[in-house]
Amino acid sequence: MKKIFIALLGVMFIAGYANAQKKTSGAIQFENTIDPAAMASASGIQLTDQMKARMPSSSKSNFELLFTATNASYMPVEETEDSNGAGGGGGGMGRMMMRFGGGGGNREYYYTFADKGLTEVFDLNDTTYYMPSKLTLASSGPISSFRMGGGNSNDTTKAKPAPAPTIEVVKTDSTKQIIGFTCHQAIVRSTRAIKILDMDKNVVEETKIWYTKDLGFDFSPNPNMWTEGAVLAIEGRGNSSIAKSIEYRNVSSKDVTAPKKAKLITAEEYKAKMENMMKRFRQNRPGGGGQIRSFGIN
């Protein structure tokens, strides 16, 4: 009887160990929602009904976080029809990773948990770059800044940088369940001085971050909006990223490692490239002058 009991304990230990190993890797599906009109309003821009009617309507997109015990990747996915009726999710639908080009575009993010390291991979001018950085709470604030008008309207070569906002982080006692994890709330409050049509105005933005430490790693769907733990939801005015489901399964290390063929670019070099692109755009605009609208980039 004693031998049977010991054998049962051994089986339970092995099963528990296997289950623990399984839960160190898997996939989390996120849904991102963007409402341009609400984002503009949050930045202090007064929109008429006609302006709102001309703006794009709110849109949703899907992203996937793949994680192992040491690394993760986060990138957009597109639902594609599987002609063979195979693939994940049933209903003949499969998931396909997508990389989008353009000026910054949608990016692939690769995380290393040990040092909170981050590698952004993106296409720019037909070249794939990788840019190393860290998880952080950016001083540029929750969302991009808008500045319209002001200064010399005939100067089309100089961008008008937005001043850095004042950032305050407030941790609350609020909690809520997201995909089975207890998440704690941190509110990021940003106070920004902006100029709209030559009028100075202070705009206060609040973004709610919901994070958990139960996953055992640090992550955020927006790498510039992170305080601690694994962020499973970011809720701002007009934009949100929320985890919708989790599946524990084996993940290949290749899927959570940045591509080796990409070209290194530093944050300073990237900023210079974007400024040059904006300068050429302004110079090539019809008329080459008039009021300037510039957008801050987080």
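Is E228 buried or exposed? Keep that residue in mind; the tour comes back to it.

**Before you start**

This is a predicted model, where local features need pLDDT of at least 70, side-chain atom pairs count only at pLDDT 80 or more, and totals for chains, interfaces and linings use all residues. Residues are numbered from 1 along each chain as its sequence is written, and side-chain values use heavy atoms, with hydrogens and water left out.

**Stop 1: the whole protein**

Show everything as a cartoon. Of the 298 residues, 37% are buried. Here buried means under 20% relative accessible area, exposed means over 50%, and partly exposed is in between (1.4 Å probe, protein chains only).

The accessible surface comes to about 17,100 Å², and 53% of it belongs to carbon and sulfur atoms. Such areas come from the Shrake-Rupley method with a 1.4 Å probe, and for residues only the protein chains shown count as cover.

**Stop 2: colour by confidence**

Colour the model by pLDDT, the predictor's confidence in each residue, from 0 to 100. The protein averages 76, and 69% of the residues score at least 70. Select residues 80-105: pLDDT stays under 50 there, and the model has 53 contacts for this stretch beyond four places in sequence. A contact means heavy atoms within 4.5 Å. Then select residues 143-159, where the pLDDT is also below 50 and the model has 60 contacts beyond near neighbours in sequence.

**Stop 3: the largest nonpolar core**

In soluble globular proteins, nonpolar side chains tend to be buried together. A nonpolar core is a set of buried Ala, Val, Leu, Ile, Met, Phe, Trp, Tyr and Cys residues joined through side-chain atoms within 4.5 Å. Select I28, F30, L65, Y74, Y111, F217 and L232 and show their side chains: these have the most contacts inside the largest core, which has 31 residues. Next, highlight β1 (26-34), β2 (59-67), β3 (71-81), β5 (108-112), β10 (181-196), β11 (199-212) and β12 (230-236), each of which supplies at least two residues of this core. Strand β12 gives the most, with 5 residues.

Zoom in on L65. Leaving aside its neighbours within four places in sequence, L65 is in contact with G26, A27, I28, F30, A72, S73, Y74, F217 and F219. Apart from this core lies another, of 7 residues, among them L124, Y129, M131 and I265.

**Stop 4: pairs of opposite charge**

Side chains of opposite charge can pair when their charged atoms come close. A search of the whole structure finds 12 salt bridges, each one a side-chain nitrogen of Lys or Arg within 4 Å of a carboxyl oxygen of Asp or Glu.

- Select K60 and E31, whose side chains meet in a salt bridge at 3.9 Å, N to O. K60 is in strand β2 and E31 in strand β1, 29 residues apart. K60 counts as exposed because its relative accessibility is 61%, while E31, at 23%, is partly exposed.
- Select R192 and E205, a salt bridge at 3.6 Å, N to O. R192 lies in strand β10 and E205 in strand β11, so the pair ties together parts that are 13 residues apart in sequence. R192 is buried at 4% relative accessibility, and E205 is buried too, at 6%.
- Select E228 and K213, a salt bridge at 2.7 Å, N to O. E228 and K213 lie in the loop between β11 and β12, 15 residues apart in sequence. Here is the reply to the opening question: E228 is buried, because its relative accessible area is 14%.

Finally, select E64, E247 and R249 together, which are linked in a network of salt bridges.

**Stop 5: two backbone angles**

Go to N125, in the loop between β6 (117-124) and β7 (127-134). Phi of N125 is near 55°, a positive value in a residue other than glycine. N125 counts as exposed, at 53% relative accessibility.

Last, visit I179 in the loop between β9 (166-178) and β10. I179 is not a glycine, yet its phi is positive, about 45°. With a relative accessible area of 21%, I179 is partly exposed.

Key. Helix = DSSP H or I, 4+ residues; strand = E, 2+ residues; numbered from the N terminus.
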